[in-house]
Amino acid sequence: SHSNSNSNSISNSNSPSSNATSIHESSPDPDDASSYQSSINFVYANDKRFTDFHSLFRSVPEEEKLIEDYGCALQKEILVQGRLYISENHICFNANIFGWVTNLVIAFSEVTAIEKRMTAFVIPNAISIVTTTNTKGHFFASFLSRDAAHDLLIAGWRKSFP
C-alpha cells in the first residue's frame, strides 16, 4: 500500500473543496450568465499539442481543449513512464514503451478524490486519483512538478462541479 498518514487529502463525494490554486480566477460579469458557471480561466495548449492530444485520446470530444501535460509514471505491476494530460473535462495518461501502449482516460465527473502522495514514504512526487470505478485509486508517481500538476487537477475538478 502506498498510503501514509502524512498525505494531503481532498475528498468529497459532491464537490471538491475550494483549495487555493495557481489558476487565475475572475469575478463573474453580472451581464453574462455563463460566466457565473465557470469563473476559472485556463490557459490552453498550442495547436500542435492539441492535435497530438486528440490523436492519442480519440474518446475525448474533438472540441475539448488541452490545458497542460506532465511527465510522470503510472503505477501498475511496474512503473509505466509516460505523460499525464489535463483537459477541460478529462485526465488522460499515455505511455508507449517499445510498442506497449498504455492509455487511460478519466472524466473529471468520475473523480471522487485527488490526493498528494509520497513514493517510498518520503519522496513527495506522487498523486493518487480515486474514481467511482477505481476506489483504490490510480497512482501517478515521478512528477517533477507535482504541486503544479495537483493544483491544476484540483482546479479542473472544481470546474466540473458548477
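This is a predicted model: local features need pLDDT of at least 70, side-chain atom pairs count only at pLDDT 80 or more; totals for chains, interfaces and linings use all residues.
Residues are numbered from 1 along each chain as its sequence is written. Local features need pLDDT of at least 70, side-chain atom pairs count only at pLDDT 80 or more, totals for chains, interfaces and linings use all residues, and side-chain values use heavy atoms, with hydrogens and water left out.

**Ring pairs**

Rings of Phe, Tyr and Trp (its six-membered ring) pair if their centres lie within 6.5 Å; planes under 30 degrees apart count as stacked, over 60 as edge-to-face and the rest as tilted.

| Pair | Centre to centre | Between planes | Geometry |
|---|---|---|---|
| F57 and Y85 | 5.4 Å | 65° | edge-to-face |
| Y70 and F143 | 6.5 Å | 65° | edge-to-face |

F57 and Y85 are both buried (under 20% relative accessible area, 1.4 Å probe, protein chains only). Y70 and F143 are buried as well. Ring pairs also join F53, F57 and Y85 into a cluster.

**Charge over a ring**

The charged end of K65 sits over the ring of Y44, 5.3 Å from its centre; the rule asks for NZ of Lys or CZ of Arg within 6 Å of the ring centre and within 35 degrees of the ring normal.

**Surface patch**

I97, F98 and W100 make a nonpolar surface patch of about 460 Å². Such a patch takes residues with over 30% relative accessible area and no salt bridge, nonpolar side chains (Val, Leu, Ile, Met, Phe, Trp, Tyr) being joined within 5 Å. A salt bridge is a side-chain nitrogen of Lys or Arg within 4 Å of a carboxyl oxygen of Asp or Glu. W100 has a relative accessible area of 70% and is therefore exposed (over 50%).

Definitions and conventions. Patches are made of residues with over 30% relative accessible area and no salt bridge: like charges are joined within 9 Å, nonpolar side chains (Val, Leu, Ile, Met, Phe, Trp, Tyr) within 5 Å. Accessible areas come from the Shrake-Rupley method with a 1.4 Å probe; for residues, only the protein chains shown count as cover.
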